[in-house]
Amino acid sequence: MSATRRRLLGLAGAAAALPAASALGWPGGAAAQAGRSDVELLESLLAHEQRLAAAYEAALRRDAIEPRLGDTLLSHEREHLRGVEQALAGAGRRAPRAGVPSPGLGAALGARGAFARFALDLESSAVAAYLEALPRLRNAGLRRPLGSIMVCAGTHQVALRESIGEPPLPGRS
Amino acid sequence: MSAPLTRRSALGAAATLTLASCGGDDPPPGRAGPGSGAGLLASLLAFERAVVAAYDACFELLRGEALRHAREIQLHERDHARVLEDLIRGLGGTPPRGRRPQDYARQFPKLGSSEDALRFAQDLEERQIRGYLEGLTDLPDPELRSGVAALAADEGVHLATVHLLRGQAAAQDPFVTGAL
């Protein structure tokens with residue numbers, strides 16, 4: 001593993017999010033992403049945003065998240081959904097709004113701490129998906145607006161860690 | 001007591017720091033070819049180094065938890081600089097040499113309080129996000145774009161942390177572009 005890859009793995013926001021086969025030229029990673037169209041990449045991002053929105057909606061209904069925090073994060077996810085759907089429409093594909101509950105959501109709704117950790121995992125998975133997809137989007141004009149969604153997900157991670165009394169910055173590897 | 005740092009003066013300082021970091025007196029990044037992205041990476045590197053120096057200035061005014069988290073962020077920024085250096089070397093280039101701390105310090109605004117320091121830090125983090133998202137758009141190679149995308153994600157975590165230190169909500173906007 002190159003020194004650059006080791007350093008990137010140790011970063012704060014991305015540390016928990018870089019997938020095993022990342023877009024860093026690791027065996028299988030770049031090859032797996034190289035052939036995907038912009039539509040396919042956007043659809044994968046949409047699925048992540050749908051799961052996040054559904055999770056925050058459920059958490060608010062079940063009081064598994066502090067209401068003001070839940071409202072903020074849900075409102076952001078709805079904006080993200082609109083953004084990705086718009087990008088998909090621009091790429092020529094209409095995105096159906098499908099319910100895609102995440103496995104494990106039900107169990108996570110029993111307590112605020114459990115939900116916060118569950119949501120943290122979802123946000124980290126979303127960041128990982130954006131890190132895979134964004135560099136490979138052929139439409140360069142999409143990378144900044146979708147990148148701004150990815151950066152927002154990092155702020156969500158901090159908000160969720162704060163809600164359970166954890167430090168805002170995760171430890172470095 | 002000096003007047004509190006206004007947002008206008010903090011933004012002005014961040015912009016001045018950006019321009020100074022990307023100035024023409026910086027040596028070009030070695031033998032990386034034109035259009036390789038080495039020039040853009042070198043600009044991002046110069047700004048990262050300036051941000052590391054800026055945090056040193058902020059430390060003088062911070063205490064307790066704010067100081068601890070600011071020190072941690074600075075460590076991350078040093079890591080970012082090393083990543084950018086690696087990316088430039090990967091293109092066959094030579095990372096430009098950094099400046100002396102006092103050269104950066106000349107560009108900083110006058111910080112009179114912990115709130116001034118945190119506001120300055122927030123503006124710098126936003127500026128970095130903007131720079132990395134621009135890199136994500138403009139760099140010619142997907143692997144280089146991967147590198148700066150990861151750095152942008154990290155800066156989002158830093159920005160949210162500074163929000164908290166300022167007594168604000170960590171997550172404020174659905175689209176964090178770093179626009180000032």
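Colleague: How many residues of chain B are in contact with chain A?

Modeller: In this predicted model, 41 residues of chain B are in contact with 43 residues of chain A.

Colleague: And what area is buried between the two chains?

Modeller: The area buried between chain B and chain A comes to about 3,500 Å², and carbon and sulfur atoms give 69% of that area.

Colleague: How many salt bridges are there between them, and which residues form a salt bridge?

Modeller: The count between chain B and chain A is one salt bridge, and B:Glu134 forms a salt bridge with A:Arg144, where the closest N and O atoms are 3.9 Å apart.

Colleague: What about polar contacts across the interface?

Modeller: Five residue pairs are found in polar contact across the interface of chain B and chain A, with both residues of each pair at pLDDT 80 or more.

Colleague: Which helices of chain B supply the side that touches chain A?

Modeller: On that side, α3 (64–90), α5 (114–138) and α6 (142–165) of chain B each supply at least two residues, and the largest share, 17 residues, comes from α6(B). Sorted by class, the side of chain B that touches chain A has 21 nonpolar, eleven polar and nine charged residues.

Colleague: Changing topic, where does A:Ser102 lie, and is it buried or exposed?

Modeller: A:Ser102 lies in the loop between α5 (67–90) and α6 (105–108) of chain A, and A:Ser102 counts as buried because its relative accessible area is 8%, which is under the 20% cut-off.

Colleague: Which residues does A:Ser102 touch?

Modeller: Leaving out residues up to four places away in sequence, A:Ser102 touches A:Arg51, A:Phe118 and A:Leu122.

Technical notes
Residues are numbered from 1 along each chain as its sequence is written. Chains are lettered from A and ligands numbered from 1 in the order in which they are written. This is a predicted model: local features need pLDDT of at least 70, side-chain atom pairs count only at pLDDT 80 or more; totals for chains, interfaces and linings use all residues. Side-chain values use heavy atoms; hydrogens and water are left out. Contact means heavy atoms within 4.5 Å. Buried area is the accessible area (1.4 Å probe) that two parts lose on being put together, summed over both. A salt bridge is a side-chain nitrogen of Lys or Arg within 4 Å of a carboxyl oxygen of Asp or Glu. A polar contact is a pair of N or O atoms within 3.5 Å; within protein, one must be able to donate a hydrogen and the other to accept it, and residues adjacent in sequence count only if both atoms are side-chain atoms. Helices (H or I, at least four residues) and strands (E, at least two) are DSSP runs, numbered from the N terminus. Ala, Val, Leu, Ile, Met, Phe, Trp, Tyr, Cys and Pro count as nonpolar, Asp, Glu, Lys and Arg as charged, and the others, Gly among them, as polar. Buried means under 20% relative accessible area, exposed over 50%, partly exposed in between (1.4 Å probe, protein chains only).
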